[in-house]
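Here is a friendly note to read with the model open beside you. Take the points in order, and find each residue on screen as you go.

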Amino acid sequence: MRAWSVLAATLLLSSCASAPPIPPELQYTPPVGDASLLATIGGNIVDSKVPLFDNENSYTYAIDGKRVMSRKKDWGLPIPVLPGDRTITAGFEQGVYMAYAKVDATLVAGHAYQVHSSCNTRGLGAKFSHCDFWIVDSATGKAISEIARGAIGGRPPVVLLLPR
């Protein structure tokens, strides 16, 4: 009986092992330099008005196929980005609901941007199916990208790393 208990505990604990780390070459490294020569992009965190409910978190999951390694508490902070044509993988999380989509945008030096989303995750008994994502210029509040749709419960899109 003791052997079965040890075996069961070993299997249980081995299944809880953390995911392998993301290789450094696949992690986003923010550019450094004069802030006026860079753009920034941050998330959009909407506080839940209901106690015990998670915030609606829209954030930058990846930039040009490189995974942004920020922690959840930092999702709203601006991330330096080189200006130009960029592919932003936007993410959404609220409790157990997640969605991802690639959004193409042209970022301008000296401008600040935010990932925004509209998700059908409200109301008891609602069917949660998708989120729409877009990028907004923080100064003007105007969208600078088209809308990209991601399925709730979807996985981050597979990204091919192609030279820019």
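This is a predicted model: local features need pLDDT of at least 70, side-chain atom pairs count only at pLDDT 80 or more; totals for chains, interfaces and linings use all residues.

1. The sheet comes first. Five strands build an open sheet of mixed pairing, in the order β5-β1-β8-β9-β10. From one strand to the next, the twist averages 30 degrees. Strands here are DSSP runs of E with at least two residues, helices are runs of H or I with at least four, and both are numbered from the N terminus. Two strands pair if DSSP finds at least two bridges between them.

2. Residues are numbered from 1 along each chain as its sequence is written, and side-chain values use heavy atoms, leaving out hydrogens and water.

3. Now the overall plan. The protein has one helix and 10 strands, and along the sequence they follow the pattern α-β-β-β-β-β-β-β-β-β-β. Of its 164 residues, 32% count as buried (buried is under 20% relative accessible area, exposed is over 50%, and partly exposed lies in between, with a 1.4 Å probe and protein chains only). Among contacts (heavy atoms within 4.5 Å) between residues at least 6 apart in sequence, 61% join residues at least 24 apart.

4. How do the strands on either side of β8 pair with it? Strand β1 (residues 39-42) runs parallel to β8 and is joined to it by three bridges; T40, for instance, has A112 of β8 as its bridge partner. Strands β8 (residues 112-119) and β9 (residues 130-137) pair in the antiparallel sense over seven bridges. Two partners to find in β9 are F133, which bridges to S117, and C131, which bridges to C119. As a reminder, strands of a sheet pair through backbone hydrogen bonds, either parallel or antiparallel.

5. Is T60 buried or exposed? T60 lies in strand β3 and counts as buried because its relative accessibility is 3%. Setting aside neighbours within four places in sequence, T60 is in contact with I41, G42, V68, I79, I88, T89 and V115.

6. D64 has 23% relative accessibility, so it counts as partly exposed.

7. Finally, visit the loop between α1 (2-14) and β1, where I22 is placed. I22 is partly exposed, since its relative accessible area is 30%. Together I22, L26 and M69 make a nonpolar surface patch of about 220 Å². T29 is found in the loop between α1 and β1 as well, and counts as exposed because its relative accessibility is 62%. The C-alpha atoms of T29 and M69 are separated by 9.0 Å, although the two residues are 40 apart along the chain.

Definitions and conventions:
Axes are lines fitted to C-alpha atoms, for helices over the stretch in contact, and angles run from 0 to 180 degrees between N-to-C directions. Patches are made of residues with over 30% relative accessible area and no salt bridge: like charges are joined within 9 Å, nonpolar side chains (Val, Leu, Ile, Met, Phe, Trp, Tyr) within 5 Å. Accessible areas come from the Shrake-Rupley method with a 1.4 Å probe; for residues, only the protein chains shown count as cover. A salt bridge is a side-chain nitrogen of Lys or Arg within 4 Å of a carboxyl oxygen of Asp or Glu.
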